[in-house]
Amino acid sequence: MNLYIVINPDLCIGCRTCEASCIGVHKKAGLQSASRLAVVETKRVSAAVMCHHCESAPCLAVCPIGVISREDGVVRVDEQRCIGCKMCAIACPYGAITPSGTSVAGVEGIRYRTPTYSASISPLLEWEIGVATCAVKCDLCAGLSASPRCVESCLTGALSLIDQGDLNAEVRGKRHHAAEELESVSVECSKVRRSQ
Amino acid sequence: MEKHMTVCPYCGAGCKMNLIVENGVIVDAEPLDGVTNEGNLCLKGLSGFDFVNDTKILTPRILYPMIRRTKGADLKRVTWDEALDFTAQKLLEIKEKYGPDSIMLTGSSRGPGNEANYVMQKFTRACVGTNNIDNCARTCHAPSVIGLMDTIGSGAMSVSIPGLEEAACIMLFGYNPAASHPIVARRIVKAREKGARIIVCDPRVIETARIADIHIQMKNGSNLALLNAMAYTIVEEGLVDKAFVDAHTKGYESWLDVVMQYSPEAVEDTVGVSADLIREAARTYAQAETSIIGWGMGVTQQRQGVQTVHAIASLACVTGKIGKPHCGVAPVRGQNNVQGSCDMGMLPNLYPGYQKVGDSKVRAKFAKAWNVSVEQLSNKEGYKLTDLPHGVKDGTIKAFYNFGEDPLQTEPDSADMEKTLKDLEFFISQDIFMTQTTALADVVLPATSWGEHEGVFTASDRTFQRFTAAVPPKGECKHDWEIFQELSCRMGYPMRYRNTKEIWDEIREVCPQFYGATYEKMEGLGYAQWPIPDVDGEGTPDLYLGGTFNTSDGRALLLSHRWVAPTEEPDDGYPLVLCTVREVGHYSCRSMTGNCRALAQLADEPGYVHINPIDAESRGIRDEELVWVYSRRGKVITRASIDERINAGAVYMTYQWWIGKCNDLTMHVTDPLSGTPEDKFSSCDVASIGDQVWAEQHMEMLYNELKARLAAEAAHQDEPLPSYAEIQ
């Protein structure tokens with residue numbers, strides 16, 4: 001069974017409150033502070049993109065040292081032990097894994113970075129002198145917050161946590177709706193069955 | 001752990017929240033169930049508290065008073081007594097030598113609150129003896145205040161923020177709530193869910209345009225042509241509410257003369273959309289049961305800002321879309337207390353409560369309340385904030401008292417503004433941060449920050465709400481109102497307030513519209529929405545009910561104007577339109593949000609120039625690359641964001657960045673009626689940079705140099721105070 005967060009793009013206003021709350025909760029826990037979801041805007045769609053905690057998670061399958069694991073349906077990375085090979089980021093079909101590290105160029109306020117690459121290159125190719133990166137991805141705030149912080153903080157309710165139970169009910173509803181359309185099931189019977 | 005109730009210090013939505021304090025440090029924020037935010041906070045509210053803790057990410061807080069004993073000398077840390085004596089003496093000398101009108105002051109529409117602003121304008125008018133006081137509304141919604149007072153009588157939203165949800169039609173004109181007020185954008189999404197029709201008039205595909213029924217993707221700078229064509233459609237298709245026009249307005253015939261010259265077919269080229277679309281939008285607006293027009297800087301920061309506001313108010317009046325609940329006009333204010341600064345009379349022509357400076361009865365009332373003779377109160381309208389550069393050039397303004405603003409970042413043509421501030425004979429800056437502006441000051445007065453003091457803010461929809469202190473003042477910071485009061489005492493006009501409640505009660509006495517807003521009523525989650533003349537009730541969510549306007553005869557004045565092309569149109573040398581916009585995760589000059597960890601991580605220097613893929617490709621620019629943007633005023637380095645939501649031929653820069661600073665490029669041309677700069681339209685070009693690694697390092701160097709310079713200025717406050725013997 002996999003749990004994941006879905007977004008309704010019609011409700012998303014692209015405000016990035018989800019990203020800010022993601023940064024906040026992980027920073028406080030001493031994990032990498034990079035946002036684990038990304039608000040993507042195209043001409044017609046605004047949506048937060050993040051990990052789907054896939055049943056056959058490719059990231060978990062390719063990890064050469066086994067630091068990606070599944071705990072209670074959540075696919076997580078052990079940031080302390082990750083070697084920064086970026087295989088998982090390449091394998092992820094959603095682009096939901098970002099390499100990130102802690103800069104050695106100083107803490108906030110006095111940091112003096114020396115960029116050695118153009119920012120237009122892929123994040124997978126970025127590197128900073130002396131910085132070891134690790135894979136950073138959504139952990140559904142397991143152990144950090146009662147429910148994912150992005151879902152809690154979304155202003156318009158565009159984000160919601162879906163589990164198998166919700167999905168089953170939704171799929172059952174859709175099937176019965178389709179059957180009604182075909183007039184193969186009486187509407188009354190269908191309603192009774194859907195309510196179960 | 002302690003929790004302290006406050007109101008968010010960022011946009012004008014007025015969100016109630018708790019600050020969570022551990023060991024004297026603010027560590028978190030949580031939303032409260034306030035009237036406008038209903039238990040929600042956007043990213044700035046949730047993550048925007050740590051600037052109070054002096055994180056020094058962008059620039060340090062100022063904690064001790066400093067002065068330059070002679071012009072151009074280094075800043076020196078001094079005692080409060082010395083700083084205030086020095087300031088009072090200098091101001092008195094300038095007043096003596098050049099007259100009171102040579103001194104200009106600006107209020108703060110941000111953290112200080114209404115009481116501090118009231119005391120500052122009282123100091124300006126009763127002690128200095130001038131009306132030279134203004135606030136940053138000049139750069140944003142001044143045209144709305146002026147235009148609405150001309151037509152319908154009150155320079156504020158006529159509807160409330162919660163009421164937006166109940167409207168049957170919402171038209172957004174030059175307003176991107178998702179970036180400037182996410183909490184208001186949430187109301188619009190909810191209105192849509194309840195079945196409201198949404199019309200968006202904007203050159204970009206803004207967030208709301210995605211869910212709109214009609215998106216008029218107009219050309220930049222064509223506002224008045226579009227509004228006139230909508231008015232034409234309403235007249236031609238018989239959608240005028242004749243009964244409302246007859247009973248509650250005047251000037252219909254002359255209004256008609258102008259609009260009848262603008263058929264939608266005739267303006268297709270100017271506006272850049274089909275006549276059918278304009279007609280459909282006009283019909284949708286006029287035929288809905290209740291309609292609200294919301295607008296922002298896209299209307300006001302234009303050459304014809306005030307005239308466009310006249311056109312909007314007139315459109316609402318001729319269709320009868322004002323004067324009933326959830327139906328009217330909504331200029332949503334950008335700063336948390338910019339409505340409040342206007343309420344408190346931080347305007348060169350108005351006393352607190354929108355009472356006119358030129359009215360002798362008003363002056364007599366204030367003279368009595370303030371215990372001065374009527375002759376001591378100037379009857380002359382003061383200078384506007386945007387008059388400062390030429391006022392200094394022609395020698396009429398000698399001293400400037402800056403209170404919690406950063407004009408060097410927020411005003412157009414920064415190079416000119418820097419020269420202006422340097423040419424002043426005496427320059428005082430009272431702030432919480434060492435900003436680029438404060439770094440030039442002769443006197444630096446450290447004030448308490450939001451989170452360290454209490455008071456009342458006015459949200460954009462006229463809602464007064466109280467906020468409280470969460471942590472004690474840092475260093476030797478004093479409350480803003482205490483600083484003005486002590487200065488006033490030294491300059492011969494004593495004030496003796498003991499707390500903000502005493503100030504607020506005086507405000508209620510002199511402003512009948514605010515009388516019912518008592519501190520007791522605003523306890524906890526309580527609020528009061530002006531006009532509130534009586535102590536009973538919570539005030540007035542909707543203005544002008546029944547069609548009674550706040551003009552002298554109770555009727556709205558219909559006004560229409562011809563469209564005029566923008567001042568600086570693109571040409572071969574500068575082929576792109578430059579429009580300045582807002583960053584969702586940062587606020588105003590960025591001194592506050594830039595010092596917050598999560599917000600600084602989400603978006604940092606040099607910011608972005610948003611450019612259409614076609615314009616980017618023809619210049620060989622790739623996404624996320626650094627580029628040069630240049631205009632007739634200057635040249636800056638910034639990052640390109642290739643964005644298909646942007647119309648071709650225009651680029652958009654957010655005004656929060658200190659390195660990628662769009663105001664190095666904008667020009668100082670203002671709407672003559674309001675003095676508001678034409679920030680939404682100037683011409684520029686963008687050029688790619690070949691060596692991106694060099695460019696990245698160059699940008700980093702510029703940023704670090706700027707931060708180091710400001711930190712060095714602030715470091716003078718860490719020097720030891722001279723001993724008593726040395727002072728003698």
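Predicted model: local features only at pLDDT ≥ 70, side-chain atom pairs only at ≥ 80, totals over all residues.

Residues are numbered from 1 along each chain as its sequence is written, and chains are lettered from A and ligands numbered from 1 in the order in which they are written.

**Exercise 1. Domains and their contact**

Task: list the domains of chain B and describe the contact of domain 3 of chain B with domain 4 of chain B.

Solution. Start with the division of chain B into domain 1 (2–52), domain 2 (79–140 + 338–532), domain 3 (151–332) and domain 4 (576–689), with bounds that come from an automatic or database domain assignment. Then collect the contact, to which domain 3 of chain B gives 18 residues and domain 4 of chain B gives 19 residues; two residues are in contact if their C-beta atoms, placed from the backbone, lie within 7 Å. On the side of domain 3 of chain B that touches domain 4 of chain B, the elements giving two or more residues are α5 (177–180), α13 (297–300) and α14 (305–318) of chain B, where helices (H or I, at least four residues) and strands (E, at least two) are DSSP runs numbered from the N terminus. The largest share of that side, three residues, belongs to α13(B).

**Exercise 2. Two packed helices**

Task: characterise how helix α3 (residues 114–128) of chain B packs with helix α20 (residues 480–490) of chain B.

Solution. First take the axes of α3(B) and α20(B), which come within 8 Å and cross at roughly 15°; axes are lines fitted to C-alpha atoms, for helices over the stretch in contact, and angles run from 0 to 180 degrees between N-to-C directions. That angle makes α3(B) roughly parallel to α20(B), a class that covers angles under 35 degrees. Finally, name the residues that meet, among them B:Val119, B:Met120 and B:Phe123 in α3(B), and B:Trp481, B:Phe484 and B:Leu487 in α20(B). The residues of this contact comprise eight nonpolar, two polar and two charged, where Ala, Val, Leu, Ile, Met, Phe, Trp, Tyr, Cys and Pro count as nonpolar, Asp, Glu, Lys and Arg as charged, and the others, Gly among them, as polar.

**Exercise 3. Sheets of chain B**

Task: give the strand order of the barrel and of the open sheet of three strands.

Solution. In the barrel, six strands of chain B close in the order β23-β27-β24-β26-β25-β28 with mixed pairing, two strands being paired if DSSP finds at least two bridges between them. The open sheet has the order β19-β20-β21 (chain B) and antiparallel pairing, with β19 (455–458) and β21 (528–529) of chain B as edge strands, each pairing on one side only. Between β20 (residues 463–467) of chain B and β21(B) there are two bridges, and B:Phe464 stands opposite B:Ala528 in β21(B).

**Exercise 4. The two chains**

Task: describe the side of chain A that touches chain B.

Solution. Begin with the count, in which 33 residues of chain A are in contact with 39 residues of chain B. Helix α1 (residues 17–28) of chain A gives the most to the side of chain A, with seven residues. By class, this side has 10 nonpolar, 14 polar and nine charged residues.

Key. Parallel < 35°, antiparallel > 145°, perpendicular 65-115°, else oblique.
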